[in-house]
Amino acid sequence: MAPILQDLARMTGQRNHLRLEISVVTTLSRLPRVLDVTMMDLLQEKGIDYVLVKHHESGQGDQDCPHYAAGKKLEEMLPLAQYSHVRQAILENRGHAVATWQDGVHQGHCIWLIVWHQQQAMQCIELRQLEPFDAARIELITSVFQVYQNYHDLLDYSERDSLTGLYNRKTFDDLRFKSVNAIPLSPQARAAAQRRHSDQDQLACESSQRALSDWLAIIDIDNFKQINDQFGHLYGDEVLILVANLLRQNFRNTDRVFRYGGEEFVVLLRAADQATAVGVLERLRLSVEGFRFPQVGLVTVSIGFSHAGNFMLADLLDQADRALYYVKRNGKNQVAYYQELLASGKVHGPVQNSEVDLF
Ligand SMILES: Nc1nc2c(ncn2[C@@H]2O[C@H](COP(=O)(O)OP(=O)(O)OP(=O)(O)O)[C@@H](O)[C@H]2O)c(=O)[nH]1
C-alpha cells in the first residue's frame with residue numbers, strides 16, 4: 001500500500017480526537033518535501049483571538065534545509081493578529097490560506113488549513129515547505145485534510161450530547177476508563193503507561209495530560225425537578241440548553257465541559273491556582289443566577305470542585321461530588337472546594353477499607 005494510504009487508514013482508525021489530531025499532523029508531515037506541520041487551537045480570551053500551539057512535527061524536507069528554524073513551542077499562545085492570512089481566511093469563511101515566510105536564512109511557503117465546526121473556526125493546521133504550492137500539491141494536502149475534517153465531524157457527533165451539544169457521559173467515561181488518557185497520572189503510572197505504549201500512543205498520552213485539566217467541577221442545576229413539574233419537560237429542556245450555553249461562554253476552549261447526567265455537568269478546568277478556579281466557577285454561578293430564563297425566570301446552580309493533585313479521575317469525581325452534596329444540604333447556589341471542606345472537617349474523605357469485602 002502507498003504510504004499515504006497507510007497513513008490515511010491509520011488516521012481513520014483513531015477513536016478519539018487527540019489521537020486523530022496527532023495522526024493528521026503525522027500524515028501531512030510525511031508528505032514529500034514538507035518542512036514541518038503544526039496544529040493550533042483557535043481560541044478567544046477577553047475578546048482577543050489567539051492561537052494555541054498543540055502539536056508540532058518536523059517533516060523529511062527539513063533534512064535538506066540546514067539551519068531551518070523549525071520548532072514551535074507547544075502550548076505557546078500567540079495573538080491571531082500575528083497570523084493575518086488565517087484571520088482573513090476566517091473572516092471570509094475560507095477553508096485555507098497560502099502565504100510566504102522568511103526566517104532570516106530561508107524563504108518558503110506556507111499553507112494554513114482551517115478546521116470549521118458548526119460555522120466556527122476551531123483549529124488551524126500550518127504546513128511549511130520551500131517550494132511554492134502548485135494546484136496538484138494543494139489538492140493533495142486539502143484532500144488529506146478533508147478526510148480529517150469529515151472524520152473529526154463524525155467523531156464529534158458520537159462524543160456529544162444531542163440536546164446540549166456538550167460532550168456526553170460516554171466521552172467522559174472513555175477518559176475515566178482509559179487511564180492512559182486520564183488526568184493526572186502519577187509519575188510511576190505514567191512511566192508504566194509509557195512503557196506499554198508505542199511512540200504515537202505515548203505522544204497522545206503526553207499531550208492528553210497537557211490538554212486536560214488541573215481541577216474537576218460538578219455543576220448541578222438546583223430544584224430542577226420542581227422546574228419540570230411546574231413548567232413541563234419542554235421548558236426543563238430549554239433550561240438545560242441555556243445553562244449549557246452559559247457553560248460554553250464561561251469556559252475556555254482548553255477546558256472540557258460534559259453533560260454528565262440529567263441536570264448535572266462536569267468541567268475539567270485548567271486554572272493556575274485555587275483563587276483562579278474559584279473565580280471562574282463563581283463567575284459561572286453568578287451568570288446563571290443573573291440570567292432570566294424565559295417563562296421559568298430564576299435558575300441557580302450548585303458547584304462542588306476538587307484539585308487534581310495526584311488523584312485519578314474517579315477519585316476526583318467522588319471528591320467534587322462530596323463538595324456538591326455539602327452545598328445541596330447547605331442552601332444551594334454556592335461554590336464549594338472539597339479540599340477546604342475536608343480540612344475544616346465539614347466533609348469526610350472516603351472510608352479506607354483495610355479488609356477486602358467481596359460479597
Ligand atoms: N426536562 C428534562 N428533565 C430531566 C432530564 N434529565 C433528567 N431530568 C429531570 O431532572 C430532575 C432531577 O431531580 P432531582 O435529582 O430530584 O434534583 P433537583 O430537583 O434538581 O434537586 P436538587 O439537586 O437537590 O436541587 C428529575 O425530575 C429528572 O426527571 C432531561 O433531559 N430533560
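The tour starts with the whole chain and then moves to single elements.

**Before you click.** This is a predicted model: local features need pLDDT of at least 70, side-chain atom pairs count only at pLDDT 80 or more, and totals for chains, interfaces and linings use all residues. Numbering runs from 1 along each chain as its sequence is written.

**Stop 1: the whole chain.** Colour by pLDDT, the predictor's confidence in each residue, from 0 to 100. The mean for the protein chain is 85, with 84% of its residues at 70 or more. The complex gets an ipTM of 0.91 and a pTM of 0.70 from the predictor. Switch to cartoon and you have twelve helices and eleven strands; helices (H or I, at least four residues) and strands (E, at least two) are DSSP runs, numbered from the N terminus. Of the 359 residues, 33% are buried. Here buried means 20 or more other C-beta atoms within 10 Å of a residue's own, exposed means 12 or fewer, and partly exposed is in between, with C-beta atoms placed from the backbone.

Stop 2: Select 179-212, where pLDDT stays under 50 and the model has 40 contacts beyond four places in sequence (a contact puts two C-beta atoms, placed from the backbone, within 7 Å). Now try 354-359: pLDDT is under 50 there too, with zero such contacts. Helix α6 (187-196) has the lowest mean pLDDT among the elements, 40, while strand β11 (335-337) has the highest, 98.

**Stop 3: the ligand.** Which residues come closest to the ligand? Show Asp222, Phe224, Lys225, Gly236 and Gly262, the closest of the 16 residues that surround the ligand; the shell takes residues with a C-beta atom, placed from the backbone, within 6 Å. β7 (215-221), α8 (224-231) and α9 (233-250) each supply at least two residues of this shell. By type, the shell has three nonpolar, six polar and seven charged residues (Ala, Val, Leu, Ile, Met, Phe, Trp, Tyr, Cys and Pro count as nonpolar, Asp, Glu, Lys and Arg as charged, and the others, Gly among them, as polar).

Stop 4: Select 215-221. Seven of the seven residues of β7 are buried, so the strand is largely enclosed by the rest of the structure. Trp215, Ala217, Ile219 and Ile221 lie on one side, with Leu216, Ile218 and Asp220 on the other. Look for isoleucine 218 partnered with glycine 304 in β10. β9 is also antiparallel to β7, with six bridges, and its glutamate 264 is the bridge partner of aspartate 220.

**Stop 5: the hairpin.** Select β8 (256-261) and β9 (264-269), an antiparallel pair with five bridges. Two residues separate the strands of this hairpin. Arginine 259 stands opposite phenylalanine 265. Five of the six residues of β8 are buried, so β8 is largely enclosed by the rest of the structure.

**Stop 6: α11.** Finish on helix α11, residues 313-329. Its buried residues are Leu313, Leu316, Gln319, Ala320, Arg322, Ala323, Leu324 and Val327. Just past the helix, glycine 331 has a positive phi of about 105 degrees.

How values were computed: The expected span of a helix is 1.5 Å times one less than its number of residues. Two strands pair if DSSP finds at least two bridges between them.
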